[in-house]
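Here is a short briefing to read with the model open beside you.

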Amino acid sequence: MTVTDLSCPTGENYAAIALQMQETALETESRLIGLEQMLRAANNRPTILQVSTAAITGLLLNVEGNIGPLGGGAFSTPFNNTGYAGNIDDPSQGLTTYLGDGMYEIGLYANLVASGAVTDNTYRMFTIAIDTLDPTVVGGFRRRVKGELTLYETNTGVGTDGVATLETRLTSQDQIRILAKHGNTGSSVNASIGTWIWISKVSTPDAVVVV
Amino acid sequence: MPASTPVYGFTYPCPGEVVTPAAIALLAGQIDTKLSDVNNDRTAALNRRNRDSGGGPTQTIAAGVETVLTMPSSTYTIPGGEAGIWYVTVVLLPLSTPATSNMLRIRIMQNAVKRTAYTFNPETNNPQLFSCSAPILGAAGDVITTSFIYNGTGTIDVQATMTIKKFARLA
């Protein structure tokens, strides 16, 4: 039945007006709910923003260090419309299982500051890495893809700010890593308070078309 | 006593009640309002807010002074009714070479508060185009701006472009 099939009460069935209104109300609601949910899903891409509420300290020379919540950093979640309750980079919480297979945009911003002596012109690397199950190693993972930015310390007292982004397909076998690395020989490096990480689902995999 | 549908609360009379014109008008109005809501959702889904603005006019920046760029392409005000997550990318284009320079930095600001930044090291005094992105959790009327600073001597001419797309809304 379509909306145009709804019959109009006449003088012969006046008593049916109340029933007709009930039917109209229920029928209209049932038809609109699905449409509204679909449109709201299109308008509200699953998105999570997290920001560190304390500095992450002690990044060692030439060692990839975790600057996300997984590394023990304190993070708050200013926005999350997904219902997922864990951190973006926490494999035990199963973000990619919860949000489902699909295309995602992932981002990282950090300000890396030497904890002591600054070594001029040394590199600062900002990395979003995706590790996936390695079928050749029991329980093992291998790096599948990463978005990375390398900058060089200016030694002007402001540290090094950088943004790394990555757009990739994620499956339930993938884990997100939020990493930083540096070549500051003078001291270890800290990620200042206010490190942002974010993820937003762009589409489900069936919408990914290769032309 | 009228009953109502479980989700939207469309009101209808129960059998045995006197059906008044007001009851019919109420139901029609409720359905009309909901259809209008759904239509707004449809419009938003089909017309996701985006902006990509060209650079210019050129702005001249003094060394060591954190300066909010004033060119229209470096700023954006979130429109009314458009609260949500906005993804902002700023591209900074140096158009001159100062006498010396060893640091250039842009910051994406929301209501004058830093969200993200990018620090560029032009060690050989060779400023290059670079970009910075940020997700902005913004309310209607929030002003997104770009600030720029460089460390060196002399002045530098710059332009900036800001690309914005809406990720998600709050309701």
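**Helix, interface and strands**

Helix 1 of chain B (residues 21-46) has 26 residues and reaches 37 Å from its first C-alpha to its last, close to the 38 Å expected at 1.5 Å a residue; that expected span is 1.5 Å times one less than the number of residues. Helices (H or I, at least four residues) and strands (E, at least two) are DSSP runs, numbered from the N terminus. Please keep in mind that this is a predicted model, in which local features need pLDDT of at least 70 and side-chain atom pairs count only at pLDDT 80 or more, while totals for chains, interfaces and linings use all residues. Residues are numbered from 1 along each chain as its sequence is written, chains are lettered from A and ligands numbered from 1 in the order in which they are written, and side-chain values use heavy atoms, with hydrogens and water left out.

**Helix 1 of chain B**

- Its buried residues (under 20% relative accessible area, 1.4 Å probe, protein chains only) are Leu27(B), Ile31(B), Lys34(B), Val38(B) and Asp41(B).
- These buried residues pack against helix 1 (17-43) of chain A, and also against strand 2 (11-12) and strand 12 (155-169) of chain B.
- Lys34(B) also forms a salt bridge with Glu36(A), with the closest N and O atoms 3.1 Å apart; the rule asks for a side-chain nitrogen of Lys or Arg within 4 Å of a carboxyl oxygen of Asp or Glu.

**Where the chains meet**

- Chain A brings 44 residues to the contact and chain B brings 48 residues, with contact meaning heavy atoms within 4.5 Å.
- About 4,100 Å² is buried between chain A and chain B, and carbon and sulfur atoms give 63% of it; buried area is the accessible area (1.4 Å probe) that two parts lose on being put together, summed over both.
- On the chain A side, Met21(A), Glu29(A) and Asn43(A) lose the most area to chain B, together 16% of what that side buries.
- Three salt bridges are found across this interface.
- Helix 1 of chain A gives the largest share of the side that touches chain B, 17 residues.

**Strands**

- Strand 4 (residues 59-62) of chain B has Gln59(B) and Ile61(B) on its covered face, and Thr60(B) and Ala62(B) on its uncovered one.
- Four bridges join strand 4 of chain B to strand 12 of chain B, and the two run antiparallel; strands pair if DSSP finds at least two bridges between them.
- Gln59(B) has Val158(B) as its bridge partner in strand 12 of chain B.
- Chain A has an open sheet of four strands in the order 3-9-6-7, with antiparallel pairing.

Technical notes. Buried < 20%, exposed > 50% of the residue type's maximum accessible area, 1.4 Å probe, protein only.
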